[in-house]
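Here is a short briefing on one predicted model.

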Amino acid sequence: MKPILQSYTSYAYAKINLSLDILGTRPDGYHEVRMLMQSLQLHDTVTLKISDTPGITMTCSDATLPVDEHNLAYRAAALFCSTYGITDGIALHLEKKIPVAAGLAGGSSDAAAVLQGLNKMYGTLATAEDLAALGVTLGADIPYCLMLGTALSEGIGERLTPLPAAPHCYCLLVKPAAGASTKQIYTEYDALVKTTDIKHPNTDLMLLALSEGNYHALVSGLCNVLEPVTTRLVPEIASIKEALQFLGADGVLMSGSGPTVFALFSDPENAKRAEAYFLQTKYAPGTFLTELKN
Ligand code: ATP
C-alpha cells in the first residue's frame, strides 16, 4: 500500500457531556448509556509522517504520557496499519492541549484523529463506517470522536445520532488536580445506585431543547448521573461548581466521569471574568476557556 501524501496534520477535539445517563448494565459488564455529546474547539494536534524508521515511532509534548502501545493514538496507528496492510514506517507526533484523564475524551479523540489522518494519507481506504467499526474496538467514545458536533450517544457509546448544533456559547473548563479512573467511577456508581436516589437527566427534554435551539432550556437540563459519584471522591467539584454559578455561568456540570467541571456562558465578558478568577487560583493549570465546536 503506497501513500498519496507523505505527511498529514489532523486535530483531535475535546468533548463534554451535556447530559450523561446510565440505563443499566449489560450481561458483559458494560454500562448501557444515553448521553448528549458536544465537541469543543479545544484540541490536540496529531502529525503523521512517512518515516524511514520501520514500525510506529511516537513522540508527545506531554512527557508524562506513554509513547508506545499504552497510548491510544499509537494503538490506533498500529491497528490501521495492520488492517490495511501498511508496511511503511510512521512517525506520529502528538501535541497535547486537552487535559489528561479529565472526562474530556482526550485519548479517544487522539485515536480518532490518527485513524482519520492515516486514512487521508493512504487515499481514503476506509469509509466513515469502517473507521467507526475499527475505532470502537479501541474505545467506546472513538466513533463519536470521529463524528464530532452535537450527537446522541447510546448503547455503550457506539450508537450515534447526529443532532441539531447546540446554540453557540462559551465553555470554561476547570479541572481539579485530583482525579479517579473512569473504571473506578463506574464501579462506585454501581454501588451507590443501590442505596441512593440519583438524579437522572431528562434526555428527551434536552433533545427537544436542541431541536428548538432553546439555549435556556438546554442549560437548565444539564445533568450527569456520575457527578455525585465523582464528587464523593473529589469534593472540590462542588466548590468549583458553586464558584462558577456565582460568577454568572448559565449552566454548570461535570463532564464524563470527571473530574473536569464545565460552565456554559452566552456572554463572553462573564466567561472571561470567570476565567480570570480561576487563573488566580490553584486551578490555573486546569483552566481553559473555549467555545463549542459544531
Ligand atoms: P474519557 O472522557 O473517554 O473517559 P478521559 O478524558 O477521562 O477520557 P484520557 O485523557 O483519554 O481520559 O486519559 C485516560 C488515561 O488514558 C490516562 O491516564 C492516560 O495515561 C491514558 N492515555 C492513553 N493514551 C492517551 C492519550 N493519547 N492522551 C491522553 N491519555 C492517554
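Strand S2 (residues 31-51) runs antiparallel to S5, and six bridges join them. Strands are DSSP runs of E with at least two residues, helices runs of H or I with at least four, numbered from the N terminus. Two strands pair if DSSP finds at least two bridges between them.

The model is predicted: local features need pLDDT of at least 70, side-chain atom pairs count only at pLDDT 80 or more, and totals for chains, interfaces and linings use all residues. Residues are numbered from 1 along each chain as its sequence is written, and side-chain values use heavy atoms, leaving out hydrogens and water.

**Strand S5**
- Opposite Ala 151 in S5 stands Met 37.
- S5 also pairs with strand S6 (residues 159-162), antiparallel, over four bridges.
- Ser 153 faces Leu 160 of S6 as its opposite residue.
- Three residues separate S5 and S6 in their hairpin, where Gly 157 has a positive phi near 120°.

**Ligand**
- There are 19 residues around the ligand (a heavy atom within 4 Å); Asn 71, Ala 101, Gly 103, Gly 107 and Asp 110 come nearest.
- Helix H2 (residues 106-121) gives the most to this shell, four residues.
- A backbone N or O atom of Gly 103 lies 2.9 Å from a ligand oxygen.
- For Gly 107, a polar backbone atom is 2.8 Å from an oxygen atom of the ligand.
- Thr 182 places a polar side-chain atom 3.2 Å from a ligand oxygen.

Terms used: Polar contact = N/O pair within 3.5 Å; in protein donor to acceptor, adjacent residues only side chain to side chain.
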